[in-house]
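Q: I have a model open beside its sequence. Could you show me how to read it?

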Amino acid sequence: MLRPRFTAYRTIIGLGFLLAALTPIGHIAYAQQSLSGLIVNADDSEYDMENKRAILTGKVQLVWKGNYLSAAKADVDLANKVIVAEGDVVIQNSKLHAEAAKVEYNYDTERGYFYDSFIQSGQVVFEGKVIEKTGEDTF
């Protein structure tokens, strides 16, 4: 009878994965996650599932519906689908390139506020202290 090799090793690894899957995680480092329609990557991530909130710090990257956001830190309200990002914020998609010190952005409605920002939308380029995005192509 042939027996699988390294059975004990596989059992230990399997138990480790099972334990990790069943343990409630409040703090994850260096991980890519998918949350409420967002693909999330950051050096450090803390999740408050009771309040449906994610606090991301260090090389934050968010991807959703053809959009990309990078920042030093971000607070994501998963219930209201709002991102508050700070520190060299960049948002881009096929129609928009925005750079700002701070952004408050609803990733469902694609509306929000850009603070101390530079925005290029199509052939139009503008900058300002506070710029409001009121629709898909309107500011």
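**Reading the model**

A: Gladly! Start with the surface: accessible area, computed by the Shrake-Rupley method with a 1.4 Å probe and only the protein chains shown counting as cover for residues, comes to about 9000 Å² for the protein chain, with 56% belonging to carbon and sulfur atoms. This is a predicted model, where local features need pLDDT of at least 70 and side-chain atom pairs pLDDT 80 or more, while totals for chains, interfaces and linings use all residues. Residues are numbered from 1 along each chain as its sequence is written, and side-chain values use heavy atoms, leaving out hydrogens and water.

Q: How many helices and strands does the protein chain have?

A: Helices (H or I, at least four residues) and strands (E, at least two) are DSSP runs, numbered from the N terminus. Here there is 1 helix and there are 8 strands, in the order α-β-β-β-β-β-β-β-β.

Q: Which way do β2 and β3 run, parallel or antiparallel?

A: Strands pair if DSSP finds at least two bridges between them. β2 (residues 38-48) and β3 (residues 53-64) run antiparallel, joined by 8 bridges; S45 is partnered with L56 in β3. They form a hairpin with 4 residues between them, and K52 in the turn has a positive phi of about 50°.

Q: Where is E110 found?

A: E110 lies in the loop between β6 (96-106) and β7 (111-121). A polar contact (N or O atoms within 3.5 Å, one able to donate a hydrogen and the other to accept it; residues adjacent in sequence count only if both atoms are side-chain atoms) of 2.8 Å joins the side chains of E110 and Y105.
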